[in-house]
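Thanks for coming, everyone. Let me put the structure up, and then we will walk through it piece by piece.

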Amino acid sequence: MDKWNLIINVDRCDNCNNCVLAAKDEYIGNEFPGYSAPAAKEGAELITITRKMRGDTPLVDAAYLIKMCNHCDNAPCMKVAGDAIRKREDGIVIIDPEKAKGRKDIVKSCPYGAIVWNEESELPQTWYFDAHLLDQGWTQPRCAQSCPTGVFEAVKISDDEMASRAEAEDLEVLQPQFGAKPRVYYRNLYRFSKCFIGATVIADIAGVEECVQGAEVTLFQSDSCVGMAKTDAFGEFKLDKLDPKSGSYTVKVQHPDHGALEVKATLNDSLYLGEMKLIKASATSRSETEKA
Ligand code: SF4
Ligand code: SF4
């Protein structure tokens, strides 16, 4: 049986807010019998955006994470709600607006914080994948329709196909440790979950400090090479997808014309090492600095 899944590409979101507004437009003041009661004008939103900043000026990475109900297959909310929440055969989780009335306890049952409380109608509510539209033949929910950069892709395929796709395309779910088995997958989630080490490589060139393009950067941890990069036209490099709080690293930079440098760094969160000035072998055999 084919079921709905949503794939969200973190790389493509530029925080325009259209998807949030589309959900408001769809649900505020609109009742969809069999699906949902009108959403509240005020209060928490059904689709949210969280910003994450990594690094430091000038090497800063800003990413935006869209969050909503994950339509979990092992949904903690269903264990608390009883028959007030049901899972359809196509994977979509729906809160019953009649049976859930007054059940504020359901809000806390979601470990993702995806359920909001509608004070006016005394209802827990969530984003139910625009099931009322999909049932009319829509192939994508409104968030996908409204997104100018193609962040969303809703796919209705078998669980085996989805598992293969997730593996082949390196898709991840939020907090897999919850064991909830979400049906919302993320591409490029590393921009939220991982760290980078970066720097600007410079050298004295004809008596002037210049950015060095094309320097080779190698990252070592416990003598093992864990990443390689080349500096760009601004002399910058970024070695990404490192685990936060993953300990000590050595960054080695070398350029055949402008020299070499070695820096040690301790990684807690994303780290901009600042300017790394290459030193020619004739000046000194090696320079070593500790950064954290
Ligand atoms: S994200 Fe929360 S509300 Fe949605 S199915 Fe999972 S546990 Fe339930
Ligand atoms: S509409 Fe697309 S680009 Fe705009 S905030 Fe939503 S996901 Fe990001």
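Start at ligand 2. Helix H1 (18-27) and strand E3 (59-67) each supply at least two residues of the shell around ligand 2. Helices here are DSSP runs of H or I with at least four residues, strands are E runs of at least two, and both are numbered from the N terminus.

A word on what you are seeing. This is a predicted model: local features need pLDDT of at least 70, side-chain atom pairs count only at pLDDT 80 or more, and totals for chains, interfaces and linings use all residues. Residues are numbered from 1 along each chain as its sequence is written, while chains are lettered from A and ligands numbered from 1 in the order in which they are written.

Back to ligand 2. Which residues come nearest? Of the 14 around ligand 2, they are Cys13, Cys16, Asn18, Cys19 and Cys147. Near means that the C-beta atom, placed from the backbone, lies within 6 Å of the molecule or strand. By class, this shell has eight nonpolar, five polar and one charged residues. Nonpolar covers Ala, Val, Leu, Ile, Met, Phe, Trp, Tyr, Cys and Pro; charged covers Asp, Glu, Lys and Arg; the others, Gly among them, are polar.

Now ligand 1. Of the 14 residues around ligand 1, Cys69, Cys72, Ala75, Cys77 and Cys110 come nearest. The shell around ligand 1 has 11 nonpolar, three polar and no charged residues.

Next, helix H1. Its buried residues are Cys19, Ala23, Glu26 and Tyr27. Seen down the axis of H1, they fall within an arc of 80°, so they line one face of the helix. Buried means 20 or more other C-beta atoms within 10 Å of a residue's own, with C-beta atoms placed from the backbone. The arc is that of the directions from the helix axis to the C-beta atoms. E3 and helix H5 (142-146) are included in what covers those buried residues. Just after H1, Gly29 takes a positive phi of about 80°.

Now zoom out. The protein chain has seven helices and 18 strands. Its radius of gyration is 24 Å, well over the 19 Å that the globule rule gives for 292 residues, so the chain is more spread out than a compact globule. That radius is taken over C-alpha atoms, and the rule is 2.2 Å times the number of residues to the power 0.38. Along its principal axes, the C-alpha trace spans about 80 × 35 × 30 Å.

Conventions. A residue is buried if 20 or more other C-beta atoms lie within 10 Å of its own, exposed if 12 or fewer, and partly exposed in between; C-beta atoms are placed from the backbone. Two residues are in contact if their C-beta atoms, placed from the backbone, lie within 7 Å.
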